[in-house]
Amino acid sequence: MSVVAETLSEAQAGRVATKSRLAILPALNEEGSVGRVVREIRAADPGFEILVVDDGSTDGTAAEAERAGARVVRLPYNLGIGAAVQTGYQYARNNGFDIAVQIDGDGQHDPGDLDRLLAPLARGEVDMVIGSRFCGERRYRPPLARRIGILLLSAVVSLITRRRMTDPTSGFRAVNRKGIVLFAGNYPHDYPEAEANVLVARHRLRLVEVPVTMRTRETGSSSITALRSLYYMVKVSLALFVSVFRRYPALED
Amino acid sequence: MTPLRISIVAAIAAIFLLALIFELIRSRRLQERYALLWLMTGAVILFFSLWRGALGRFSDLIGIAYPPSALFVVASFFMLVVLLHYSTAISELSERNLALAQRLALLEQQLKESVASQRERTET
């Protein structure tokens, strides 16, 4: 047992030494696209270590990711997107990463935008950067119902965070060490993105949006269906409402 | 005044409930922390069925014309509280379950990697 513990801490120490960036890809049954996304990230920025969090897939997602050269953490069963992403942040925290980027495993985010996403972090201006599909020139136009939902949500999130948020549901984001530690310890569950923004703002971390391009899905299907989006709105509204009445301690460096 | 028969039936039911809870605790099938609310439920029902005057005054106070209904009101209120208590217990359990699954997955990945690197080292 002590041998295992020793080799574990050794392996950990070896990785801590390298100043580092981690790409977190949550993936559920994305065997058709996850390999390509991993290779694209590697091509866009070879400095990234890539971690695929397989959220209980029943297809070859984990094998495809490993073949493409990613590290893979396999959750024992489906925990939901929030917990999957949080597992990635826990990995980043445990292994001493300085920067973590969260990018969907289905290929809808363009790894070509990574530079733009990381720039404000590199300049030390903010603690979290969110890739927004709505604040650039090449805007993405979702279906009407979803557009209304996103507008409502961004109004609420903007109100709570006291800054203009155009895309509160974006799952394309980057955080520094402070953000990694925050998310590793505390990350919302079911539909986490909007709540995560509020969490960051309420902990007095600085956040900013940068424009990114949205690609249409390559394979698989969106996790948000018509009936679920109603549940989504109600659940997120409740969570956001409650968050106003919670106390959030300022984080130490 | 509550009819005597209702009081007797309610008292027997309450005593049966209390005895059942006690037996479950004794045989360690029910933790004390979850039993407390149930014990209170049983005790309150027993209290109102034995002291029938109190039930009458209580139902007058909250405007219930027929005192035995007050017994049901009290009982169902306590049951709601017990159910709510369960929801919090379930929330806590699923929170812990989640944390365990995450820890397990990370450890598994780490172990796999260190085994692989160790194998590499022994081969060279």
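Predicted model: local features only at pLDDT ≥ 70, side-chain atom pairs only at ≥ 80, totals over all residues.
Local features are reported at pLDDT of at least 70 and side-chain atom pairs at pLDDT 80 or more, while totals for chains, interfaces and linings use all residues. Residues are numbered from 1 along each chain as its sequence is written, and chains are lettered from A in the order in which they are written.

Chain A holds an open sheet of seven strands, ordered 3-2-1-4-6-5-7 with mixed pairing; strands are DSSP runs (E, at least two residues) and pair if DSSP finds at least two bridges between them. Strand 3 (71-74) and strand 7 (207-211) of chain A sit at the edges with a single partner strand each, so one side of each lacks a neighbour in the sheet. Further in, strand 4 (residues 99-102) and strand 6 (residues 173-175) of chain A pair in the antiparallel sense over three bridges, with A:Val101 partnering A:Ala174.

As for the cores (buried Ala, Val, Leu, Ile, Met, Phe, Trp, Tyr and Cys residues joined through C-beta atoms within 7 Å; buried means 20 or more other C-beta atoms within 10 Å, with C-beta atoms placed from the backbone), the largest has 63 residues. A:Ala23 is among those with the most contacts inside it. A second, separate core of seven residues includes B:Ala14, B:Ile45, B:Phe48 and B:Leu55.

Between the chains, 12 residues of chain B are in contact (C-beta atoms, placed from the backbone, within 7 Å) with 17 residues of chain A.

Technical notes:
Contact = placed C-beta atoms within 7 Å. Buried ≥ 20, exposed ≤ 12 C-beta atoms within 10 Å, placed from the backbone. Helix = DSSP H or I, 4+ residues; strand = E, 2+ residues; numbered from the N terminus.
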